[in-house]
Amino acid sequence: MPQYRLIAIDLDGTLLDENSRVPPENARAIRQAQLNGAQVALCTGRNYLDAGWYSEQLLAPADWAVTANGADVRPLPQGEPVLFAGLDDAALAALQAVCAAFGTDPCLYTATHMYYGWEFEKFVRTLRETYGHDIFGGQQRENLIFVQTEDAWREVLRCERGRITKAILYHGDTAVVDEMTAALDRTGLFETAPSVMYGGKLKNVEVNSRGVHKGRGLEALAGRLGCGMEGVLALGDSDNDLSMLRMAGLGVAMENALPSVRAAADAVTASNLACGVARAIEKYVLKGM
């Protein structure tokens with residue numbers, strides 16, 4: 001049995017390459033770890049549907065998905081949640097109030113759909129046209145729902161009540177994103193994780209219920225597997241990975257990670273473009289077996 005019985009791997013900037021694909025070298029190392037007794041969890045801010053799509057790029061499915069930053073934990077390739085901690089009615093009402101105050105609209109996630117409005121549409125278009133990056137790459141288009149009116153948003157909230165896992169708020173002015181984040185924090189209802197892109201030219205904030213983060217979701221899963229967090233190897237690159245890197249038995253940051261993330265980790269591996277996931281698994285899981 002390997003020392004690290006659960007390998008927790010972030011997707012974007014960690015497992016995936018610049019084209020949002022799983023490099024074959026990473027897939028081979030993950031499969032070898034599974035064959036040697038380790039279980040693998042894909043830990044992402046994306047939803048369960050996306051996690052399943054990326055799991056299909058591996059040589060065998062990952063064992064678990066910790067999605068929406070820890071709000072939804074369930075087995076792959078399919079299964080019921082072992083942990084669900086989404087946004088409740090009070091949190092959604094507070095979120096709507098912040099959006100109204102700052103003239104924006106939310107992007108809301110469920111396990112299978114993403115609902116987004118005009119501001120997030122601008123963000124997607126800017127990424128595509130200015131930076132050549134399609135954040136919807138790989139997602140099933142019929143599960144991406146563009147919500148254009150207040151009445152349509154009310155219908156989304158009615159139909160998806162109890163199933164919304166997290167939100168993202170965006171504004172074209174990064175200073176306004178900071179103000180929205182502060183407003184959300186003042187409510188005491190949320191965990192917020194700002195995401196800075198392209199040297200600070202773009203910024204959004206991911207929003208979960210208070211106390212919900214990747215570390216918490218992973219802790220629940222590790223407890224269920226009987227290994228505890230000391231038996232977890234976690235790999236990540238962004239602020240929303242900090243909790244699991246700090247709580248894991250071994251937290252490994254990617255070389256391309258933010259400086260604050262590298263500083264918080266126990267070790268640093270190669271970048272996502274140099275198959276750092278494979279290098280870490282080989283060094284910390286497969287070496288000497």
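Tyr116 lies in strand 7 (residues 114-116); helices (H or I, at least four residues) and strands (E, at least two) are DSSP runs, numbered from the N terminus. Tyr116 counts as buried because its relative accessibility is 9%, where buried means under 20% relative accessible area, exposed over 50% and partly exposed in between (1.4 Å probe, protein chains only). Between Tyr116 and Glu155 there are 39 residues of separation in sequence and 13 Å in space, C-alpha to C-alpha.

The model is predicted: local features need pLDDT of at least 70, side-chain atom pairs count only at pLDDT 80 or more, and totals for chains, interfaces and linings use all residues. Residues are numbered from 1 along each chain as its sequence is written, and side-chain values use heavy atoms, with hydrogens and water left out.

- Strand 1 pairs with strand 2 (residues 39-43) in the parallel sense over 4 bridges; two strands pair if DSSP finds at least two bridges between them.
- Strand 1 is also joined to strand 12 (residues 232-236) by 4 bridges, and these two run parallel.
- Ile9 stands opposite Leu42 in strand 2 and opposite Leu235 in strand 12.

**Backbone features in loops**

- The peptide bond between Leu76 and Pro77 is cis, with omega about 5°.
- Pro77 sits in the loop between strand 4 (72-75) and strand 5 (83-84).
- Ala68 is not a glycine, yet has a positive phi of about 50°.
- The loop between strand 3 (64-67) and strand 4 holds Ala68, which is buried with a relative accessible area of 1%.
- Cys275 is likewise not a glycine and has a positive phi of about 55°.
- Cys275 is in the loop between strand 14 (267-268) and helix 11 (276-286), and is buried at a relative accessible area of 9%.

**Salt bridges**

- The whole structure contains 16 salt bridges, each defined as a side-chain nitrogen of Lys or Arg within 4 Å of a carboxyl oxygen of Asp or Glu.
- One of them joins Arg46 to Asp12, with the closest N and O atoms 2.9 Å apart.
- This pair links distant parts of the chain, 34 residues apart: Arg46 is in the loop between strand 2 and helix 3 (48-55), and Asp12 is in helix 1 (residues 11-15).
- Arg46 is buried, with a relative accessible area of 9%, whereas Asp12 is partly exposed at 32% relative accessibility.
- Arg125 and Glu121 form another salt bridge, their closest N and O atoms being 3.6 Å apart.
- Arg125 and Glu121 are separated by about one helical turn because they are 4 residues apart in helix 5 (residues 118-131).
- Arg125 is partly exposed, with a relative accessible area of 33%, and Glu121 is buried at 19% relative accessibility.
- Asp151 and Arg154 meet through their side chains in a salt bridge of 2.1 Å, N to O.
- Asp151 and Arg154 are 3 residues apart in helix 6 (residues 150-159), so about one helical turn separates them.
- Asp151 counts as exposed at 52% relative accessibility, while Arg154 is partly exposed with a relative accessible area of 48%.

- Rolling a probe the size of a water molecule over the atoms shows where empty space is left.
- On a 1 Å grid over the protein atoms alone, a pocket is an open set of points where a 1.4 Å probe fits, with protein on both sides within 12 Å along at least five of seven lines; lining residues have an atom within 4 Å of a point.
- The second largest pocket holds about 340 Å³ of space, where grid points are joined across faces, edges and corners and a volume is the space filled by probe spheres set on the points.
- This pocket is lined by 17 residues, and the closest to its centre are Thr104, Asp105, Pro106, Glu150 and Trp153.
- Helix 4 (89-102), strand 6 (106-109) and helix 6 are the elements that give two or more residues to the lining of this pocket.
- Helix 4 supplies the largest share of that lining, 5 residues.
- The lining divides into 10 nonpolar, 4 polar and 3 charged residues; Ala, Val, Leu, Ile, Met, Phe, Trp, Tyr, Cys and Pro count as nonpolar, Asp, Glu, Lys and Arg as charged, and the others, Gly among them, as polar.
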